[in-house]
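Subject: Structure handover

Hello,

Here is the structure you are taking over. Please open it beside this email and follow along; the notes come after it.

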Amino acid sequence: MRFAGALVRHEGRLLMSLVLWLTRRRHGTGDGGQAFGYARGQGATMFAFAFVCVVETVAMFVLLRDWPILHWIVFVLDVYTVEFVIGLHAASVVRPHVLDLNSRSLHVRYAAHVDLRIPLEKISTVRRELRTTHQRTEGELSLAIGSQTTITLELIEPVAHFTFFGRRRDVRLVRFHADDADTLVRSLRAVMPERTAPPPHQGLPS
């Protein structure tokens with residue numbers, strides 16, 4: 001049931017993302033929310049993949065016309081694949097990262113899969129860091145676009161991230177991509193709480 005529920009929720013988010021994309025609206029920005037996109041680098045790839053899927057749909061529709069049952073099963077699956085690919089891109093466009101000054105939090109997102117809320121007071125450091133390789137490591141979350149991340153967040157204490165099927169992971173380091181990474185880093189640093197450095201250690205007088 002958990003597996004089926006996760007798939008239904010994900011499909012609902014994809015369909016809603018398609019509606020928002022077609023109406024040129026975005027999800028979760030609201031009042032006081034500053035949006036930062038991350039889908040620019042994958043648009044051409046996703047549309048090329050969708051085009052290939054459309055070509056395959058047409059070809060299979062013609063080739064299987066003499067087998068009616070198989071013909072319609074494959075056709076429905078191919079149409080769903082096209083919808084799924086376009087829906088993923090739409091979700092990436094309409095669900096950007098959001099710096100919310102009202103709730104003093106950063107929402108790090110990845111299409112319809114991830115929406116991680118990080119309170120600003122839990123962010124220790126933020127830096128511009130380009131990485132093209134990512135190993136799965138306990139306590140770390142990497143959300144790469146086109147195999148790269150451009151921002152790294154280190155947290156003072158873990159935040160809970162829930163996977164696609166609801167399994168909890170506590171993460172203390174988050175890497176993600178933003179199209180305008182420099183502006184996002186500057187905006188975050190401008191609103192992060194100031195950290196008071198501990199006084200330097202002084203030795204006892206001799």
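In this predicted model, R109 stands opposite D115, a residue of strand β4.

Strand β6 can be read residue by residue. It spans residues 140-143, with L141 and L143 on a covered face and E140 and S142 on an uncovered one. Strands β6 and β8 (residues 168-176) run parallel and are joined by 4 bridges. Within β8, E140 has L173 as its bridge partner, while L141 stands opposite V174.

Next, a residue from strand β7. H161 lies in this strand, which runs over residues 149-162. Is H161 buried or exposed? Its relative accessibility is 8%, so H161 counts as buried, the cut-off being under 20%. Which residues is H161 in contact with, leaving aside neighbours within four places in sequence? They are V114, L116, L141, R167, R168, R169 and V171. One of these, L141, is also on the covered face of β6.

Now the helices. Two packed helices are described by the angle between their axes and the distance between the axes. For helix α2 (residues 43-63) and helix α3 (residues 68-94), the axes come within 9 Å and cross at roughly 170°. Angles over 145 degrees count as roughly antiparallel, and therefore α2 and α3 are roughly antiparallel to each other. From α2, the residues in the contact are G43, M46, F47, F49, A50, C53, V54, E56, T57, M60 and F61. They meet H71, W72, V74, F75, D78, V79, T81, V82, V85, I86, L88 and H89 in α3. By type, the contact residues divide into 16 nonpolar, 5 polar and 2 charged.

Aromatic rings come next. How many aromatic pairs does the structure hold? The number is 6. One of them is formed by W72 and F75, whose ring centres are 5.5 Å apart. Why is this pair edge-to-face? The planes of the two rings are at 90°, and planes over 60 degrees apart count as edge-to-face, so the pair falls under that heading. W72 and F75 both lie in helix α3, 3 residues apart, which is about one turn of the helix. W72 is partly exposed, with a relative accessible area of 48%, and F75 is also partly exposed, at 27%. Together with F61, these two residues form one aromatic cluster.

Y80 and F84 make an aromatic pair that is tilted, with 6.0 Å from centre to centre and 40° between the planes. These two residues are 4 residues apart in helix α3 and so are separated by about one helical turn. Y80 counts as partly exposed because its relative accessibility is 40%; F84, at 26%, counts as partly exposed too.

Last, the contacts of F84. Not counting residues up to four places away in sequence, F84 touches H10 and L14. F84 and H10 are 74 residues apart in sequence, and 10 Å apart in space from C-alpha to C-alpha.

Regards

Definitions and conventions
Residues are numbered from 1 along each chain as its sequence is written. This is a predicted model: local features need pLDDT of at least 70, side-chain atom pairs count only at pLDDT 80 or more; totals for chains, interfaces and linings use all residues. Side-chain values use heavy atoms; hydrogens and water are left out. Two strands pair if DSSP finds at least two bridges between them. Buried means under 20% relative accessible area, exposed over 50%, partly exposed in between (1.4 Å probe, protein chains only). Contact means heavy atoms within 4.5 Å. Axes are lines fitted to C-alpha atoms, for helices over the stretch in contact, and angles run from 0 to 180 degrees between N-to-C directions. Angles under 35 degrees count as roughly parallel, over 145 as roughly antiparallel, 65 to 115 as roughly perpendicular and the rest as oblique. Ala, Val, Leu, Ile, Met, Phe, Trp, Tyr, Cys and Pro count as nonpolar, Asp, Glu, Lys and Arg as charged, and the others, Gly among them, as polar. Rings of Phe, Tyr and Trp (its six-membered ring) pair if their centres lie within 6.5 Å; planes under 30 degrees apart count as stacked, over 60 as edge-to-face and the rest as tilted.
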